[in-house]
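Here's a quick briefing to read alongside the model. Take a look at the fold first, then work through the points below.

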Amino acid sequence: MPDTLVALYVFVLACFIGYWVIWGVTPSLHTPLVALTNAISGIVIVGALLVTGLGSAGGLAQTIGFFAVLLATINVVGGFLVTNRMLSMFRKKNK
Amino acid sequence: MQISANTQAIVYLVSAALFILSLKGLTHPATARRGSLYGMVGMALAIAATLLGEQIESYGFIVAGVLVGAPIGALLALRIQMTAMPQLVAALHSFVGLAAVLVAIGTFLNRRDAGSLDAVLMGELSAGAIIGAITFTGSVIAFGKLQGLISGKPLKFALQHQLNAGIALATIALGVHFAMTGSLFSLTLMTLLALLLGVTLIIPIGGADMPVIISMLNSYSGWAAAATGFTLQNNLLIIVGALVGFSGAILSYIMCKAMNRSIVNVVFGGFGSESGTEQSAGAAAMEKGIKSASVEDAVYWMEDANRVIVVPGYGMAVAQAQHALKEMMELLEARDVEVKFGVHPVAGRMPGHMNVLLAEADIPYDHVLEMDEVNPDFASTDVTLVVGANDVVNPAAKEDASSPIYGMPILEAGRSKQVYFLKRSMNPGYSGVDNLLFYQDNTSLIFGDAKDTIEGMVVALKGTGH
């Protein structure tokens with residue numbers, strides 16, 4: 001099976017997992033859900049690292065990669081921090 | 001230290017599983033923080049496995065990018081006000097989009113230099129660049145609207161849909177041309193057109209539809225990551241992209257359903273205007289036969305009530321009234337009055353916006369009910385306090401088949417014995433529809449800033465302490 005087809009298998013199956021997992025999320029946590037998915041979509045940092053870190057990458061590719069790493073880092077760090085900040089506010093009883 | 005490609009693949013698999021568990025954690029507030037922890041561990045593993053893999057040979061630019069990006073991200077996350085959460089989310093979506101575009105272009109340059117381009121790869125590259133570009137500019141526009149830099153009014157002009165369709169077709173045609181020829185010119189022009197498309201797609205959509213737009217752009221940012229995963233043959237990116245993509249898509253669906261509108265209608269409809277013509281509050285009320293009430297009237301009914309339900313809306317966020325509400329809740333509870341909050345799915349500017357603001361004010365989450373949970377309680381409730389909400393309690397949605405919001409599920413506030421509406425003025429809601437609830441016998445309006453009004457109630461409740 002060609003690689004692209006394998007990737008398609010993975011993609012379609014992951015879509016099903018996403019569908020079932022997300023329907024289970026409680027509506028009161030929809031804002032943290034958006035923030036958390038934002039943080040984990042910072043996974044494009046993996047792509048940015050691969051572009052930037054390639055030994056043979058030219059100057060232009062490295063510069064482009066640098067900005068991609070920068071932006072994805074903002075997402076990962078900012079996304080997780082703000083998610084945690086919000087989740088720490090959800091308490092059941094008064095202190 | 002270096003790890004083999006197989007070890008890397010195993011770590012990616014663990015990481016993907018952690019991301020799934022992470023989202024699963026949000027099933028309940030009690031497990032949510034653990035979920036977020038899983039996510040962070042998953043991300044750390046993914047980054048470590050990538051850095052230690054054999055593909056990474058130079059670290060200078062990477063370290064520089066992380067060192068600049070991390071403090072910016074931390075500062076944004078720790079400084080942001082909870083009311084401004086939709087803006088932060090829009091900004092972060094735009095970063096994912098732009099990063100995906102940059103990764104696509106960077107990959108193209110690297111693979112061209114290595115002479116390993118093929119049509120399938122370039123097709124996937126185009127998809128990543130197009131989705132990333134639309135996500136980027138679309139999110140910038142959404143940010144501008146939320147921040148008030150761009151008018152929240154839906155901007156409509158002639159031949160809008162034809163224009164969008166034209167740009168979309170040209171973008172795809174250039175993508176196909178690029179995949180077949182590897183022309184850098186086509187790639188560049190395609191990306192520029194996709195950037196333009198992000199603007200023209202989002203600019204016509206009104207401020208009231210922001211919860212859908214935020215969800216939609218959330219979804220796009222996921223698909224952009226998935227497309228990047230196809231380009232790089234990286235299953236982790238594909239899995240995460242699919243999870244995020246579906247998350248945003250499901251949220252969009254929930255938001256649309258809560259407004260009884262289709263996604264097509266939201267994207268192409270250009271519904272509602274940001275502000276109607278302002279009349280002087282008192283005069284308009286007299287003319288329409290509306291009762292206005294004082295803070296003391298409301299307090300009189302609330303302190304002997306069995307139950308008070310508060311219906312918050314975007315106006316509560318604007319007035320920052322949530323902390324005063326918490327104080328009012330405590331004073332009422334000290335008098336054995338049950339206080340609940342009823343939240344409509346589209347209240348606020350993003351999904352779950354009200355819940356976060358109430359949580360920020362330290363209101364326990366078991367006091368905050370969803371629409372379906374709270375609706376049966378209204379009929380046995382003495383007082384409902386509507387704070388900065390409007391359309392979501394409008395009975396026209398049930399009774400008036402000619403109303404633009406007809407069919408939208410509402411919070412049935414009108415069934416409670418007394419309804420107090422906290423309002424700044426007689427402006428209609430975002431839909432521009434007059435609220436039938438104003439004219440009901442059991443409804444009174446309290447004019448003024450929501451925060452001032454609630455603080456007045458707090459003072460009055462303290463004054464009448466038993």
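Setting aside residues up to four places away in sequence, His367(B) is in contact with Met329(B), Glu333(B), Val339(B), Lys340(B) and Phe341(B). Bear in mind that this is a predicted model.

**Around His367(B)**
- You'll find His367(B) in the loop that links α15 (353–360) and β3 of chain B.
- His367(B) has a relative accessibility of 16%, and the cut-off for buried is under 20%, so this residue counts as buried.
- Its side chain also makes a polar contact, at 3.2 Å, with the side chain of Asp366(B).

**The sheet in chain B**
- Reading across the open sheet, the 6 strands come in the order β3-β2-β1-β4-β5-β6 (chain B), and their pairing is parallel.
- On average, neighbouring strands here are turned by 25° against each other, ignoring direction.
- Helix α12 (residues 295–303) of chain B lies across β1, β4, β5 (418–423) and β6 of chain B, and it runs at about 145° to β5(B).

**Strand β1(B) and its partners**
- With β4 (residues 383–387) of chain B, β1 (residues 307–312) of chain B runs parallel, and 5 bridges join the two.
- Across that pairing, Ile309(B) sits opposite Thr384(B), and Pro312(B) is opposite Val387(B).
- β1(B) also pairs with β2 (residues 338–343) of chain B, again in the parallel sense, over 4 bridges.
- There, Val310(B) stands opposite Phe341(B), a residue that is also one of the contacts of His367(B).
- In a regular strand, side chains alternate between the two sheet faces.
- In β1(B), Arg307(B), Ile309(B) and Val311(B) point one way, while Val308(B), Val310(B) and Pro312(B) point the other.
- Since 6 of the 6 residues of β1(B) are buried, the strand is largely enclosed by the rest of the structure.

**The nonpolar core**
- The largest nonpolar core has 187 residues, and Ile43(A), Met328(B), Leu385(B) and Met457(B) have the most contacts inside it.
- Helix α4 (residues 59–87) of chain A gives the most to this core, contributing 14 residues.
- Not counting residues up to four places away in sequence, Ile43(A) touches several residues of chain B, including Phe19(B), Met43(B), Leu236(B) and Val240(B).

Notes
Residues are numbered from 1 along each chain as its sequence is written. Chains are lettered from A and ligands numbered from 1 in the order in which they are written. This is a predicted model: local features need pLDDT of at least 70, side-chain atom pairs count only at pLDDT 80 or more; totals for chains, interfaces and linings use all residues. Side-chain values use heavy atoms; hydrogens and water are left out. Two strands pair if DSSP finds at least two bridges between them. Axes are lines fitted to C-alpha atoms, for helices over the stretch in contact, and angles run from 0 to 180 degrees between N-to-C directions. Contact means heavy atoms within 4.5 Å. Buried means under 20% relative accessible area, exposed over 50%, partly exposed in between (1.4 Å probe, protein chains only). A nonpolar core is a set of buried Ala, Val, Leu, Ile, Met, Phe, Trp, Tyr and Cys residues joined through side-chain atoms within 4.5 Å. A polar contact is a pair of N or O atoms within 3.5 Å; within protein, one must be able to donate a hydrogen and the other to accept it, and residues adjacent in sequence count only if both atoms are side-chain atoms.
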